[in-house]
Each structure stands twice: as structure tokens, then as C-alpha cells.
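Biologist: I'd like to go through this model with you, helix packing and ligands. Can you load it and start wherever you like?

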Amino acid sequence: MQTAPAPVIVAIDGPSGTGKSSTSKAVAAELGLRYLDTGAQYRAITWWMLSNGIDVADPTAVAAAAGKPVIVSGTDPARPTITVDGADAAGPIRTQEVTAAVSAVSAVAEVRGRITELQRSIAAGTAEGTDPADVAAPSRGIVVEGRDIGTTVLPDADLKVFLTASPEARAARRSGELRGKDSADLATTRAALLKRDAADSGRKASPLKKADDAVEVDTTELTLEQVVECVVTLVREQQPAG
Ligand SMILES: Nc1ncnc2c1ncn2[C@@H]1O[C@H](COP(=O)(O)OP(=O)(O)O)[C@@H](O)[C@H]1O
Ligand SMILES: Nc1ccn([C@@H]2O[C@H](COP(=O)(O)OP(=O)(O)O)[C@@H](O)[C@H]2O)c(=O)n1
């Protein structure tokens, strides 16, 4: 009798606009894996703080409230979902108000402790923090994307990828995405993105950082399809033949 192969865990980290979400979703879909957007979880807790009148500039107030919201992620790469206290948060977590506040909230150790626990539980396929439908479905593994997945959340991941791209390329990608929604010109988008990178890289608790054993992929000159192909190949190289 053949035993099922152990689930594969892929960690994809990097700064904003390097292609983490698009790459991770496509890789997960192609390989039949689940997908977790950890940035969406930090955005969700930030949205809850803003909606509940918590002063996000006050780390003590943020820490005291960190355990309150119930955040649930759906991990189907074709239809990822996120709810906070049962309400769909997919739209509100992408506003500029949340984007501007998320680095301050995610720098608070109590927030990181809470969200890291959820992420590990989702990666392990247990119930906490996951849509019940995802727990019931058989899974070959998961692609988890964020800032500290390879260094802190899942240091034993089978494959760690660190995506980079020039600030110009990243700002152009983000600006193209925002056009028609929240209005922001290229220079404003670039400045906001670099400010968030600096805050994420400079914080004490689990900063944005390449893990020593991560494969770095510079996506500046690559199409999304090329990045996906590169990561799929790296995952397949990790898997025993058969
Ligand atoms: N290699 C690439 N070349 C061009 N555009 C890309 C590439 N990778 C991603 N994009 C686009 O850039 C934007 C940001 O990508 P996203 O995956 O959300 O990045 P991140 O999750 O790292 O912030 C999206 O509109 C996406 O379609
Ligand atoms: N693993 C993670 C993921 C996100 N984050 C925080 O959440 C924010 C939003 O992450 P995101 O992935 O949605 O950001 P984008 O690059 O997609 O805009 C980041 O700027 C970090 O402050 C984090 O601290 N750790």
C-alpha cells in the first residue's frame, strides 16, 4: 500500500509589489495546493482596529485589543476569502486607510503572536483560522506568502522563495492596480510603498528579511508567467519523483 506524500509547504516572502500574491495563487492553483495571504490577515486586524476606534498609533491599545477579532481565511487559490467576526473583509482591507495603518499594527508583538499562531494552524491543516470547507478537503500542501514566513512563521518550509523587484517596477505595478479605485499617482505610490518597506524591514518583531536558505528571484525583468514557472520548477525539484 502506498502512503500519501507529506504535504509540501512553500514560503514566499518579499516587499510590496514584487508579485507575491499573484505568483503564490498561480503556483498553488497549478500544483493543487492551498494558498494563504498573510498580508490579508494583518490588513484584516488593522481594519478591525480602525472600525472599532482603536488608536493604531498607540501600541499599548493595539496590543490590548489584539486578541479580540475572529479572523478566518479561506485558502482556495481560485477564491481566497477573509472574514472578520463573520463579515466579509476582502474589500475594506484594500483601502488606502488600511494600507497606511497596517505597518504600525503589524509591528506590535501581540498582534504578530496572535496572527503567527493562526498561520501555523492553517498551514498544519487544523481548524483554527481556516474555513471549515478547507479543513475537510484533502490537501497536498500550501503556499504561504508574506514578509516573515521563511524566517519566523514556517522556518522548516520545504521551499523558501524571496521575491524582489526595483522600486520603479513595484510602484508601476501597484499604481496600475490602484488606477480607477483609490486615486494615487506613481510618485505618491512609490513613496508610500518605500515608507511601508522601511517600516516592515526596520521593526523589532519579525522584520521583513530574506531567510538565509531562501532562493532570491528578482522579478523586475520577468513576466508573471516566468516567475510562476520558475517557482513551480523549484517546488517540483523539492518533491521526490513519483
Ligand atoms: N512579474 C510581473 N510583471 C509584471 N506585473 C506583475 C508581475 N508580478 C505581479 N505583477 C502585477 O503587479 C501587481 C502586484 O502584484 P502582487 O502579486 O499583488 O504583489 P505583492 O503581493 O508582492 O504585493 C499585480 O497587479 C500583478 O498582476
Ligand atoms: N507576513 C506578513 C505579511 C504582511 N505583513 C504586514 O502586512 C502589510 C500588508 O501586507 P500585504 O502583503 O497585503 O501588502 P502588499 O505588498 O500586497 O501591499 C505589510 O506591509 C506588513 O506590514 C507582515 O507584517 N507580515
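Modeller: I'll start with a helix pair: S22, T23, A26, V27, E30 and L31 in α1 meet L224, V227, V228, V231, V232, V235 and R236 in α10. Contact means heavy atoms within 4.5 Å, and helices are DSSP runs (H or I, at least four residues) numbered from the N terminus.

Biologist: How do the residues of that contact divide into nonpolar, polar and charged?

Modeller: The contact of α1 with α10 has 9 nonpolar, 2 polar and 2 charged residues. Ala, Val, Leu, Ile, Met, Phe, Trp, Tyr, Cys and Pro count as nonpolar, Asp, Glu, Lys and Arg as charged, and the others, Gly among them, as polar.

Biologist: Before we go on, what are the ground rules here?

Modeller: This is a predicted model, where local features need pLDDT of at least 70 and side-chain atom pairs count only at pLDDT 80 or more, while totals for chains, interfaces and linings use all residues. Residues are numbered from 1 along each chain as its sequence is written, chains are lettered from A and ligands numbered from 1 in the order in which they are written, and side-chain values use heavy atoms, with hydrogens and water left out.

Biologist: Back to the pair. At what angle do the axes of α1 and α10 cross?

Modeller: Roughly 50°, and the axes of α1 (residues 20-31) and α10 come within 9 Å. Axes are lines fitted to C-alpha atoms, for helices over the stretch in contact, and angles run from 0 to 180 degrees between N-to-C directions. That makes α1 oblique to α10; angles under 35 degrees count as roughly parallel, over 145 as roughly antiparallel, 65 to 115 as roughly perpendicular and the rest as oblique.

Biologist: What does R236 touch, apart from neighbours within four places in sequence?

Modeller: R236 is in contact with E30 and L31. R236 itself lies in helix α10, residues 224-238. From D55, R236 is 181 residues away in sequence and 46 Å away in space, C-alpha to C-alpha.

Biologist: Switching to ligand 1. Which residues are closest?

Modeller: G17, K20, S22, R174 and L222, out of 16 residues that surround ligand 1. A residue counts as near if one of its heavy atoms lies within 4 Å.

Biologist: What about polar contacts of ligand 1 with S22?

Modeller: A polar side-chain atom of S22 is 2.4 Å from an oxygen atom of ligand 1. On the backbone, a polar atom of G19 is 3.0 Å from an oxygen atom of ligand 1, and one of L222 is 2.8 Å from a nitrogen atom of ligand 1.

Biologist: And which residues come nearest to ligand 2?

Modeller: R43, R112, R196, D200 and R203 come nearest, of the 19 residues around ligand 2. A polar side-chain atom of D200 lies 2.6 Å from an oxygen atom of ligand 2. For S106, an N or O atom in the side chain is 2.9 Å from an oxygen atom of ligand 2.

Biologist: Where do α4 and α9 meet?

Modeller: T99, V102, S103 and S106 of α4 meet R196, A199 and D200 of α9. Helix α4 (residues 96-106) and helix α9 (residues 186-202) pack at about 10°, with axes 9 Å apart. That makes α4 roughly parallel to α9.

Biologist: Last pair: how do α2 and α5 cross?

Modeller: At roughly 140°, with the axes of α2 (residues 38-51) and α5 (residues 109-123) coming within 11 Å. That makes α2 oblique to α5.

Notes: Helix = DSSP H or I, 4+ residues; strand = E, 2+ residues; numbered from the N terminus. Polar contact = N/O pair within 3.5 Å; in protein donor to acceptor, adjacent residues only side chain to side chain.
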